[in-house]
Amino acid sequence: MNKLKDKNQRGQLTIFIILAIVIVGVVLVFFAIRGGIFQQILTPNTEKVQNFVQNCIDETGTDIIYQIGQNGGYYFPSNLSTSSGVSIYYENGKNYLPSKKQIEEEISSFFDYELFFCTRNFVDFPDMNILQGEIKTETKIENERVVLNVNYPITITKDNSGSRIENFKAEIPTRMGIVYDSVSEFLQNQTDNGICLSCLLEATDKNDLYVEMMDYDEKTVIFVFRDKNSKIKDEEFVWVFANRYE
Amino acid sequence: MNKMIKKQFWILNIFLIVILIANIHFVFSEQADISSDLGFNEGVVIISDLDMVGYEKTDSGATITFKGGDITLNKNEFTNIKSQDEAKLPSFIKLNEKGEIINAEFTVNEIGGNYIFGNTKFYAPPNSRVLFDEKTGIQVKVEKDAEIKEMPTSLNNPGLKNYLTTIESAKDGSFKLSNGVKVHGRLGFDKDGQAFMQFGDEGRPPSVNGVSISPTPISSKIKINMFFDGQEHDGSYISVNDQNLIFSLGKQETAYDRTHLPIQIESSFNQNNPYIKVDASDTFAIGIGMESKIEIVNRDSQGLIPKITTNGDFSVYEDSKEIRYKKGDLYMQSFRDDTRTTSPVEITMNDKNGNLLFNGNRVFVDNFNRFVLSAPPDAEEFGDFQDLLNTKFSSRISYNYPTKESVEKLLGIKINYLSAYNEPLPKGYLDTTLGRLRDYMETLTPETRTALNAIGEIQIADSSYFRKISGDDPFAISAIGLFLPNEDYTKSKIIYKVDRTSLLEYGLFRHEMAHLFADSIKRKDNSFERQWRKIYGISGSRFDRTLNSWEYKDNSDPGTPKNGFVTPYGGSSLHEDIATFVENMGNPEIFASVVNPSSPQYDIRYRQKLDMLHQYKFISDDEYNKIFEVAGIK
């Protein structure tokens, strides 16, 4: 009876050990794949395509970040804009600054759209059979940079050999997060009593930003937040918006 | 002979007798002590002439009336006083039973003089009116532009123990103090000799050196000590000389206020003030609250703009703008009237304890409705600016200074620079061009703006670029603009040359815009050009050739419109004809003689062309109407 009991116990232990090994193995494989431990050894053709896509990602990302700054967080001017296309952040006492998350989504959305026009369906690689999947980008606005994690599944086939590349990443070195936070801080102190210059000074001084204001019409003032520490497309990074005061 | 000698003897005797009588009369009339007649001790009242001074004993003392003579009261002379008849106003002095002056009214003659009431000595300038009452004190009403040579003083230094003394200006003018300070209103001297002014009375506000001062709320009144040395003092005061002006308000109890609200002082600077340059029809004003101080220093002698130093709450109004510091925050509020200029000033801000605010950042306002906030290192560059356009600066905050991005966003177009050597345009040229683009763009019709926005770009090129594309020496032509149409309209281009020989001019700006707009119209329909040709009675491709063959191409008298063209260049093609009309919208006088039917130069084609330009929205209603208004046609 005791021997039978011992056998059963040993069997159960073995099953547990095997299960544990399997679970640990699965976890290790998952993290390994995610962490890129098993990097695919790229063929010259794959590498060529990958470099091409990476260049497009860098170029498109730069264009979009530039445009997002020019349009105050929007790729195209928002519905609430001046007729010259400057997004309005303050009107009738209300703050219309888009959230950082909204801007990240705006960047992702237009990046996915514009990247396609850069890769141009890979017409530059007529000797390869390239299949592309849906582009999905996640954007993260950080203080000193904007990070784009791009999921762009591409399958490359040539001469009966194939390979697949999928994950790309771009870092645009602009201080968009700092600029955004400064704009946000300034807007929190807006009233119809006028433009709070000291708030503006405080918001820009600590982050080494510069601000240009320009009368647009009788009620509207255009603000250009300028970061001389960030260059994008060979220009200083700017963030442009307008406030409308009663 | 004897008869002759006798006659001469008698004439001489008569002459001597006349002189003698005159002398005797003079001796007797020069001084007359009438004290005893009035019941006073001897020597209290001495008059110069019994006929020129009237006197009367009353129940309470005596009344002396001026009829052109002088009197001496208790050894104090009252001379240079007009008679009652001449002044057409009462002219008397009333004495009490002790022979002391209790009441007086008289008008000083064209010489003016010093007078003494009690132990208060004061100067009354020519033609001033002196009023005295022992209860209310001395009041001197002076003529416009009168000069106060001496301030009231006490015979028993220090202080004016007896009477409050007030010098009051004419309603329509001011008086000048010995140090040159001009005062409009009433300048008082209290019994301690301290000068003061009261603000908040009805009527025109008092002013000092062209700076009108009034309290707010409007219903409040405030009495403030005045100093005329331009130096700092204690408490609430205004201190002024020809270089400095200081306003200081202490705590609430130093003022009296019917409303019990905190009193502020507001001061408005007129054109004649010596501190701030204020153009005609412009406004410059400052305000301070309680426990605040503001100092304005004229720095013309150093070649610097006026400096304003503030302690505590303040506001500076510059026509359409107000810069205001209150409760720890600095605000800018716009009231919009951008047609006016602003007065250049530098503002350094401190808290009420004199500690520098905003890390030493200062506000610099220039002539053109613009300002910057700049920290000290940058600010040094502003020292002598009147116009910042040609000054390199890097201010943390700037307002209405054109930058590429701000003008692009304002106008909704891109502005790109072209240089054969990729050299940046000098900042001065660039800023001027951007500023002019901003200003000129406002004069375009909305339809032209729409046409411009569709191409989305204006190019500014330096000489090297033009040399590269044309091979010519661009300096030979001072102003160059090009409209380069493209089959794809959105790729059409406008290029203006900007360099040391030429900045963007309004005529050139409108000229190229007219080309652009004409091109945009032509793409939609041809009727405009067809109608334009009809004005000449010609059509088709013959048009330009016909123009080129016209006598007008001799270029004689190029400054005068002729043959239906505005300039000889306008005769070179249909498009240049249109553009040269539009380029002259800033110069409506050029059309005056050719659109007026009563003029010998009248040519109906000008009117027809202008009507078309107006109809097709090349030119605005205002521009169109202005041409005929200038020509004297309703």
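Biologist: Which residue meets Glu232(B) in a salt bridge?
Modeller: This is a predicted model, in which local features need pLDDT of at least 70, side-chain atom pairs count only at pLDDT 80 or more, and totals for chains, interfaces and linings use all residues. A salt bridge is a side-chain nitrogen of Lys or Arg within 4 Å of a carboxyl oxygen of Asp or Glu. At 2.9 Å from N to O, the partner of Glu232(B) is Lys293(B).

Biologist: How many residues apart in sequence are the parts that Glu232(B) and Lys293(B) tie together?
Modeller: Helices (H or I, at least four residues) and strands (E, at least two) are DSSP runs, numbered from the N terminus. Glu232(B) lies in the loop between strands E22 (222-227) and E23 (237-240) of chain B, and Lys293(B) lies in strand E27 (residues 292-297) of chain B, so the parts tied together are separated in sequence by 61 residues.

Biologist: Is Lys293(B) buried or exposed?
Modeller: Buried means under 20% relative accessible area, exposed over 50%, and partly exposed in between (1.4 Å probe, protein chains only). Glu232(B), at 48%, is partly exposed. Lys293(B) has a relative accessibility of 16%, so Lys293(B) counts as buried.

Biologist: Which helix holds the salt-bridge partner of Arg510(B)?
Modeller: The side chain of Arg510(B) meets that of Glu623(B), with N and O 2.6 Å apart. Arg510(B) lies in helix H8 (residues 506-524) of chain B, 113 residues away in sequence from its partner, which is in helix H14 (residues 621-630) of chain B.

Biologist: What is the relative accessibility of Glu91(A)?
Modeller: Glu91(A) forms a salt bridge with Arg244(A), the closest N and O atoms being 2.8 Å apart. Glu91(A) is in strand E1 (residues 88-91) and Arg244(A) in strand E10 of chain A, so parts 153 residues apart in sequence are tied together. Glu91(A) counts as buried, because its relative accessibility is 15%.

Biologist: How much area do chain A and chain B bury between them?
Modeller: Contact means heavy atoms within 4.5 Å, and 40 residues of chain A are in contact with 36 residues of chain B. Buried area is the accessible area (1.4 Å probe) that two parts lose on being put together, summed over both. Carbon and sulfur atoms carry 52% of the area, the total being about 3,100 Å².

Biologist: Which element gives the most to the side of chain A that touches chain B?
Modeller: The rule finds 4 salt bridges across this interface, one of them between Glu405(B) and Arg226(A) at 2.5 Å. Elements of chain A that each supply at least two residues to that side include helix H2 (44-70), helix H5 (197-205) and strand E9 (220-232). With 7 residues, the element that gives the most is H5(A).

Technical notes
Residues numbered from 1 in each chain as written. Chains lettered and ligands numbered in written order. Heavy atoms only, no water.
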